[in-house]
Amino acid sequence: MNHNNIPQQITQTKDFNSHLNEAQLQAVESINGATLVIAGAGSGKTRTIVYRLAHLLNSGVSPSNILLLTFTRKASHEMLQRATKLLNETTSNIIYPENDLSASENNNYYYHKENSPHTSLINLQGGTFHSFAFSVLRQYYPSGYATPPNILDSSDSSGIIHDCKDNLKIAKGEKSFPKSQTVLSLFSKARNKELSLDEVIKRELYHLLPYSDDLEQLYQAYKSFKRQHAVMDYDDLLFELERLFTERPDLLTSYQNRFQYIMVDEYQDTNLVQCRLVRLLAGEKGNIMAVGDDAQSIYAFRGANVKNILAFTEHFPQAKIIKLEENYRSTQSILNLCNSVLDHAVESYKKHLFTKRENKQKPQVIRPFSDLTQAKLVASRIVELMGRYEPNEIAVLFRSGYHSYHLELELNKRGVRFRKYGGIRYIEAQHIKDVMSYARLLVNPLDFNAFQRVTSLSKGIGPKTCLKLYNAMQNHDDQEVSKICKKAPTLAADLKIIEKLRISNPSPSYIIDELTEHYKPYLTSNFPDDHPRRLQGLEELGHIAATYTELDLFIADLCLEDPFNSNQQEDTEKITLSTIHSAKGLEWSAVLIIDLAEDRFPSKKSLLKIEDFEEERRLMYVACTRAKDELYLFSPLSLYDRATGGTNQVQPSPFIKELKTELYEEWQENYIGGLTQKSAGVNQTQTYKPERLSQTKWNSEYDIDPTITITPANNPPIPSTVEQNTNTTQAKDPRSLGLCTHRIFGRGKIIEELPPDKYKVNFPGIGVKVILSDYLKIDD
DNA sequence: GGAGAGTGCCTTTTT
DNA sequence: GGCACTCTCC
């Protein structure tokens with residue numbers, strides 16, 4: 001049973017009692033002042049928010065006076081869907097007076113694309129911070145903008161950085177200069193954490209130190225390009241909104257008056273600027289409810305700061321704190337495993353979820369021979385599960401988008417339909433971006449990114465000619481324009497259709513259909529393998545466009561949310577494949593987590609810094625807590641290596657090794673492609689035994705008590721890969737460089753010194769790792 | 001100045 | 001296995 005299902009009929013507040021526990025009810029009924037709800041996984045968080053909405057409306061608050069902010073697209077979608085459903089049932093006979101402000105502004109950003117009859121909700125504002133910011137900024141922009149800003153998606157941004165780098169003639173021919181994508185993420189990190197570039201480089205990207213001057217120059221060039229072209233990247237949306245509110249107190253006041261009640265979901269994922277925006281909007285009256293769970297903070301990499309939750313009571317001293325701890329989602333045996341994941345955390349979470357849900361079966365740890373056979377075993381298990389559950393109650397979760405690649409092939413082979421979240425976004429596919437570039441030129445003929453993209457589709461036009469043409473068009477130099485067009489007939493046709501559609505200004509769906517037709521010849525000749533599939537995508541793009549009346553909103557929405565995903569929401573015939581990040585806030589009856597092997601999950605990149613490793617642990621926690629009834633953890637014994645074509649043995653993920661054996665059943669792939677259960681006692685898995693370290697001072701960004709640690713003790717060295725075998729031999733060499741200790745991996749032998757600041761270390765039972773010397777305590 | 005072949009590199013997570 | 005960048009020829 002899904003305890004989170006919205007009941008069919010709730011008409012009066014008193015009915016809430018029977019659907020909510022005491023803590024939830026308390027949260028629902030605290031509508032004035034500030035409230036912080038610490039909601040454990042599966043504790044009915046969304047349910048609480050939705051009921052609180054209903055309670056507000058039943059108390060006579062107009063939906064246009066409520067603002068619902070979330071962090072990810074999916075969370076916002078889910079919440080508004082559920083709210084709509086419940087509110088439609090509870091408030092259908094209440095008529096709300098039109099709010100002056102909202103009536104004049106047509107500010108119902110999110111809902112105009114829902115084909116829903118829920119008129120009572122039409123003025124409820126909700127969405128991600130970014131989409132909310134854009135909905136304001138397209139109407140009122142801060143000083144320095146003459147037109148509403150265009151939004152850059154990440155490929156636009158990195159394209160601009162690339163051009164800026166060329167123009168500045170920085171680091172020409174230097175191979176180790178970071179790629180534009182990397183540079184962009186550095187810029188974004190600096191902004192999200194609100195640190196200078198230099199600080200970020202020194203803290204976590206010290207290998208870029210030689211380029212810090214060049215990068216700083218590039219940073220400035222990128223900034224001024226954005227200003228000149230009236231474009232904003234994702235980060236600008238938030239900072240420019242803050243600037244707008246600072247510059248225009250009158251505007252801020254009117255928004256404060258409008259949004260009498262503010263709710264923020266996933267508060268642990270807000271960064272500093274988002275936190276300030278919330279405070280600005282809440283104003284003096286501070287009718288705000290923030291909901292979050294520190295154990296589920298998984299966005300530190302982009303500046304999310306758990307401290308924001310802790311600081312909530314400082315910003316709102318009167319704040320009431322409510323904890324939701326009873327879990328309504330998972331069975332007790334799944335929860336036991338989830339709790340155990342957090343037990344090993346360096347920072348302790350004072351949190352033990354409990355439930356009244358009975359045990360069905362223990363979670364299973366399954367060990368396939370390799371990630372290739374894993375795909376087969378997972379697919380078989382899914383087919384079996386589909387006999388017991390609807391496909392939309394089954395999900396496969398993984399650390400990184402590409403981990404599901406083999407599985408996707410296998411599922412296709414067996415005809416199992418799935419949808420995939422995370423990884424490459426559909427709208428970033430070439431053909432979609434191409435057609436959207438035409439569309440963007442309709443809105444803004446001087447959109448340089450779009451212009452570059454469209455011109456490069458024509459043979460004979462490269463970057464230089466593109467620039468010449470762009471300047472000629474900007475200066476209305478018709479002679480030059482027609483001279484270039486003569487050389488490239490397709491380019492002339494491109495400009496013609498853009499001009500035609502711009503002047504007639506038809507509906508977004510008509511525009512997309514026309515452009516698709518125009519693009520078809522290019523599509524068929526340039527994508528011989530799969531142009532039918534791509535054409536289908538473009539047709540779908542047209543359908544999505546049909547839910548919009550204004551082209552600029554459609555374009556912005558495509559950058560801010562992936563409608564190809566949310567459109568499929570209702571499809572119950574498909575199972576779900578998802579990155580763990582994209583799975584947050586969702587739940588399924590059966591959850592399968594794959595690739596629980598070293599270097600995959602936790603990610604190889606998280607091993608250098610303890611706080612990164614801990615974030616991986618919370619990620620594991622988020623993944624496991626998605627399961628309602630059945631949880632399967634797949635830990636392949638070897639991974640296919642594309643480079644060599646062979647398979648390399650790997651250690652299981654530390655998160656599996658840590659688990660006490662009594663928490664799960666263990667199954668091993670056998671030679672006939674089936675599974676054999678390991679009987680307890682015979683194949684006892686190693687358990688981690690916490691070992692206290694002496695007064696070691698660890699180099700970490702945070703001050704963590706160094707006496708609490710997880711160290712594999714008494715583990716005999718297990719040679720796991722061929723590579724490690726040799727290294728183990730090396731380590732026995734009397735010339736061994738000595739012993740050292742690492743917070744996570746425990747004691748190990750130093751095999752090699754890697755100047756200037758790293759060591760190669762063999763950790764018994766874990767394998768060989770390259771570690772920064774800062775994170776090692778080396779024995780004298 | 002552009003096109004196409006060849007080479008080296010890395011492969012987190014999201015708005 | 002895909003892309004970003006380089007080199008060479010037209």
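This is a predicted model: local features need pLDDT of at least 70, side-chain atom pairs count only at pLDDT 80 or more; totals for chains, interfaces and linings use all residues.
I started at Lys223: its charged end sits over the ring of Tyr219, 4.6 Å from the ring centre. For this I required NZ of Lys or CZ of Arg within 6 Å of the ring centre and within 35 degrees of the ring normal.

Residues are numbered from 1 along each chain as its sequence is written, chains are lettered from A and ligands numbered from 1 in written order, and side-chain values use heavy atoms, without hydrogens and water.

**Chain A overall**

I found 30 helices and 25 strands in chain A. These are DSSP runs, numbered from the N terminus: helices are H or I with at least four residues, strands E with at least two. Buried residues make up 57% of the 780 residues. Buried means under 20% relative accessible area, exposed over 50%, and partly exposed in between, with a 1.4 Å probe and protein chains only. I also looked at contacts (heavy atoms within 4.5 Å). Of those between residues at least 6 apart in sequence, 75% join residues at least 24 apart.

**Aromatic rings**

I paired rings of Phe, Tyr and Trp (its six-membered ring) with centres within 6.5 Å; planes under 30 degrees apart are stacked, over 60 edge-to-face, the rest tilted. That rule gives 17 aromatic pairs. Tyr299 and Phe301 make a tilted one, 5.8 Å centre to centre with 35° between the planes. Tyr299 counts as buried because its relative accessibility is 9%. Phe301, at 44%, counts as partly exposed. Tyr548 and Phe554 are also a tilted pair, at 5.2 Å and 55°. Both Tyr548 and Phe554 are buried. Phe132, Phe245, Tyr255 and Phe259 form one aromatic cluster.

**The six-stranded sheet**

Next I traced an open sheet with parallel pairing, in the order β3-β2-β6-β7-β1-β8. Its edge strands, β3 (125–128) and β8 (320–324), each pair on one side only. The twist averages 15° from one strand to the next. I counted strands as paired if DSSP finds at least two bridges between them. β1 (residues 34–39) and β8 pair in parallel over five bridges. Ala39 stands opposite Leu324 in β8. Helix α2 (residues 22–29) lies across β1, β7 (288–292) and β8, at about 145° to β8. Axes are lines fitted to C-alpha atoms, for helices over the stretch in contact, with angles from 0 to 180 degrees between N-to-C directions.

**Cores**

I took a nonpolar core as buried Ala, Val, Leu, Ile, Met, Phe, Trp, Tyr and Cys residues joined through side-chain atoms within 4.5 Å. The largest has 112 residues; Phe187, Leu215, Leu241, Phe312, Met436, Leu541 and Phe554 touch the most other members. Helix α25 (residues 551–560) gives the most to this core, with eight residues. Apart from this core lies another, of 40 residues, including Ala304, Ile580, Tyr621 and Ala627. I then checked Leu215. Beyond four places in sequence, Leu215 is in contact with Phe177, Pro178, Val183, Leu186, Phe187, Leu197, Ile201 and Leu208.

**Strand β16**

In β16 (residues 627–634), eight of eight residues are buried. β11 (residues 364–367) runs parallel to β16 and is joined to it by three bridges. Ile366 stands opposite Phe634. β15 (residues 588–593) also pairs with β16 in the parallel sense, over five bridges. There Ile593 stands opposite Leu633.
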